[in-house]
Amino acid sequence: MSIDVPEMSSTEAMLDRADANDLDAILAVSNPYVDGIVHAVKDNADAIFTWDYEKGARPALNKLYEKAKKSQWNGETDLPWDTVVDPEELARNSVTNAPINNALDLTGTCFEKWDEGDWTKLNIEMQNWTLSQFMHGEQGALICTAKIVETVPWIDAKYYAATQVMDEARHVEVFAKYLDEKLTGHYPLNTHLGLLLDDIIADSRWDMTYLGMQIMVEGLALAAFGFIHMMTEEPLLKQLLRYVMSDEARHVAFGVLSLKEYYAELSDVELRERQEFAFEAAVRMRDRLLQQEVWERVGVPAKEAIELTKTTPEAAMFNQMLFSKIVPNCKKLGLLDAGGGWLRERFGEIGVIQFEDWTDTGEEYDDFALGKDLAAPVAGA
Ligand SMILES: [Fe+2]
Ligand SMILES: [Fe+2]
């Protein structure tokens, strides 16, 4: 079956560039988030009251809500904040490290004269940048979920979203505290992550908040936290991520369970709008992984550094694995195959479709509960 492609759906209209992979265009977008203390976005939505107070009308959401009430933790008192953190040591055992391996010949490149100290400094910056983006993303989640409390028409979803608002406040709090007290300050919000958060918040349709935040941003965060948690030996960060992940798994489940019901009723044209939104979000998240601000801070040309680092198999694998939750969840929502498989094709083009049969996150949150051993992030886990 084919459907008409609305004119606005071209890559150019979605991303302001004709080729999604145009590196010069990606790096040329100036960052609107570096000045001032606040940033305002119009959220364009009605706050919806419901007079249907029947609790448990949506049993899966009710179960999630009850689970959330029992799973609260305190970021001040439940984490070992007296741990001494050495940023150099932390950067050594991290998947956020500069993805350049010894096999790469750096002769004649911007890294030719770099010594051990330069690489260490770069890795420390990358660590700081990565955790800073998580912190900003957590604030995006805080704002998005507060918006969902207002806009979703179902009482069980309002109840659950209210618990997520509390979770996200705690997440912003612990990432900010870790960056300020254990590392050295933080980076501004990355341009591409910021544009994505702005788009999600500005959309008037209540399900788009869920799709952008719970499915895309939190789906990527859950995968990323899993990797960093697995790799890091720093006990405070490890525990912090473990606690945050136990909440995030519920949040992604909230998105999948809510949208599964809603998307079953949408037309092909409406689904196509969701597919395009998901693809745009995926590209923006991929663009943010280029870590443009770090290259600029350490004084090497971003384009050259990115072209060198993205060639390593480690970088390619890590960046693809970040989509290991998003793709199966999109499949479960029917977004891969709607409208003749438009999103399946796009995910194929950006090299992440191979995750479609991995476990979706609709029921997985019990496996992430505190006290359980986390399985390694592999197929079927
Ligand atoms: Fe969070
Ligand atoms: Fe979350």
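Me: How do the axes of helix α8 (residues 206-231) and α10 lie to each other?

Reply: They come within 10 Å and cross at roughly 35°. Axes here are lines fitted to C-alpha atoms, for helices over the stretch in contact, with angles running from 0 to 180 degrees between N-to-C directions. The crossing is right-handed; that term means the near helix is turned clockwise from the far one by less than a right angle, and left-handed means anticlockwise. Do keep in mind that this is a predicted model, where local features need pLDDT of at least 70, side-chain atom pairs count only at pLDDT 80 or more, and totals for chains, interfaces and linings use all residues. As for labels, residues are numbered from 1 along each chain as its sequence is written, while chains are lettered from A and ligands numbered from 1 in the order in which they are written.

Me: Which residues make the contact of α8 with α10?

Reply: On α8, Met208, Leu211, Gly212, Met216 and Leu220; on α10, Arg274, Phe277, Ala278, Ala281, Ala282 and Met285. A contact needs C-beta atoms, placed from the backbone, within 7 Å. These residues divide into 9 nonpolar, 1 polar and 1 charged. The classes are Ala, Val, Leu, Ile, Met, Phe, Trp, Tyr, Cys and Pro for nonpolar, Asp, Glu, Lys and Arg for charged, and the others, Gly among them, for polar.

Me: Stepping back, how many helices and strands does the protein have?

Reply: It has 15 helices and 0 strands.

Me: What makes α3 roughly antiparallel to α9?

Reply: Helix α3 (residues 59-70) and helix α9 (residues 235-263) pack at about 165°, with axes 10 Å apart. Angles over 145 degrees count as roughly antiparallel, under 35 as roughly parallel, 65 to 115 as roughly perpendicular and the rest as oblique. So α3 is roughly antiparallel to α9.

Me: Then why is α3 called roughly parallel to α6?

Reply: With helix α6 (residues 155-181), the angle is about 25° and the axes are 9 Å apart. That angle falls under the 35 degree cut-off, so α3 and α6 are roughly parallel. Their crossing is left-handed. Among the residues that meet are Leu61 and Tyr65 in α3 and Tyr159 in α6.

Me: How do you know whether Gln291 is buried or exposed?

Reply: Count its C-beta neighbours inside 10 Å: there are 24. A residue is buried with 20 or more other C-beta atoms (placed from the backbone) within 10 Å of its own, exposed with 12 or fewer, and partly exposed in between. So Gln291 is buried. It sits in the loop between α10 (268-288) and α11 (292-298).

Me: What about Asn44, buried or exposed?

Reply: Asn44 has 11 other C-beta atoms within 10 Å, so it is exposed. Its place is in the loop between α2 (23-28) and α3.

Me: And what makes Ala91 count as buried or exposed?

Reply: Ala91, in helix α4 (residues 87-92), has 23 other C-beta atoms within 10 Å and is therefore buried. Across the protein, 43% of the 381 residues count as buried.

Notes. Helices (H or I, at least four residues) and strands (E, at least two) are DSSP runs, numbered from the N terminus. Two residues are in contact if their C-beta atoms, placed from the backbone, lie within 7 Å.
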